[in-house]
Amino acid sequence: TSCPRLSRRRIVLTASACAVVLLLGFSVFSVRHRLAPDARELLQTANAQIAARDYPGAIVNLKEAARKAPTLDDVRFALGTALLHAGDAPAAEQELRRALDFGFPAQQATLALARALLLQAKFDDLLREVTAAGASSTQSADLLTVIGLAHLGADRSFLAREHLTKALALEPAHAEAVLGMARLALRDGNRGEAIALVDKVLAGDASHVEALVMRAELYRATGDMAKARAAYERLLAVSANHIDALTGLTAFDMQEKRFDAAEARLELATRLHPRSVDAAHLYALLQIRRGRLAEARKLAARALQIVPAHMPSVLLAAAIEYADGKHAEAQRALLWVLHRNPYHLPARRMYGASLLQTGQPMRAIEMLQPMLQLVPDNPALLSILGQAYAQIGNYAKAGELLDTAERLADRRQRATGREHE
């Protein structure tokens, strides 16, 4: 198999951590307008809560301040950024745009708005906003990092590296830019370099949340599950009820078939983080494992309502329809994925299997055969392709493919057994 890679969501999540400058700015938040006393007091209280990372409390106070003074741009900007830190990127984007409509300076709002778009995987929208605000030429390590992460999320590695390198030239210890380079290293298959870069960030700040998240993922990618679990536990100790720690530990519960524990953790995650696409996606996956397709379908729809372009949830929705025998719906979702990533192996495999189920073996072969040049040793791909050749009566080719698939699957099973000895 190819080198494990971090999900886009892990790339996107860097936006919430790299907003340290905004956090510091809030502690001395300036009020440029004359506020009603109640609104001023609420804003000051919210600033203190944000500095203490009490985002839910700050959001409550800022919403009340916005109710009392609905057109004050400072309050809207503060509310948008508090929502951003809380992980509710769609609501954050809405409030930040309101702040701009009410007169908040575009240059000051661009970075927060870009991070809100990054969290929603709206990479091209982010780049357009930066250009429209005239900020694309600004030599800011923070902004260059966000632009680099947007290119990374959109699979434009060359441009990602260019912007992250510029950010590090300005600030060599910029934690989020260093983590972006670690993601590029992992994408290139350089796990050792990725680990070294993450460790560099943690050496400077042992409680850096996004570095802890990435360290846990790297442990998982290298198969060291005990250390990965410990890293997630450490993350919970640093940031109580952190969504990545909750979902990461839930994944371990599911692997160990501790479904009740997984469900309890996901109940907590969705209650505390109702706009978390990862929690909704994982909850849908859990319901599939428990054979509850109707519930899984609702949860996948919720995930896509939060982030419509969330590719893992689009694939999950397709898998639900496939399992329910609704192949037209499954194929429609899979085509959406393949239009954006023509060589997405899981999507092609599922599409090929769906074509077989609907009596279209030749189309399945056309869909799957080109992938053999890219991944010639994938047992699942070889097995589906072998079945397609069997359906058209080419039993010699089918036997060759199925034998190879069985041999590769046995070899991997033996290798996995040795790793756990």
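Predicted model: local features only at pLDDT ≥ 70, side-chain atom pairs only at ≥ 80, totals over all residues.
E400 counts as partly exposed because its relative accessibility is 47%, and the class of partly exposed residues lies between the buried limit of under 20% and the exposed limit of over 50%.

An α-helix has 3.6 residues a turn, so residues three or four places apart point the same way.

## Helix α13 and the residue after it

Helix α13 is built from 13 residues, numbered 209-221, and the distance from its first C-alpha to its last is 18 Å, close to the 18 Å expected at 1.5 Å a residue. Because 12 of its 13 residues are buried, α13 is largely enclosed by the rest of the structure.

The buried residues of α13 include the charged-type side chains E210, R215 and E217, and among the others are V209, L212, V213, M214, L218 and Y219. Following α13 comes G223, which has a positive phi, near 85°.

## The loop between α4 and α5

Between helix α4 (55-68) and helix α5 (73-85) there is a loop, and T71 lies in it. T71 is exposed, since its relative accessible area is 52%, where the cut-off for this class is over 50%.

T71 can also be placed relative to R98: the two residues are 27 residues apart in sequence, while in space their C-alpha atoms are 8.4 Å apart.

Note on methods
Residues numbered from 1 in each chain as written. Heavy atoms only, no water. Buried < 20%, exposed > 50% of the residue type's maximum accessible area, 1.4 Å probe, protein only. Helix = DSSP H or I, 4+ residues; strand = E, 2+ residues; numbered from the N terminus. Expected span 1.5 Å × (residues − 1).
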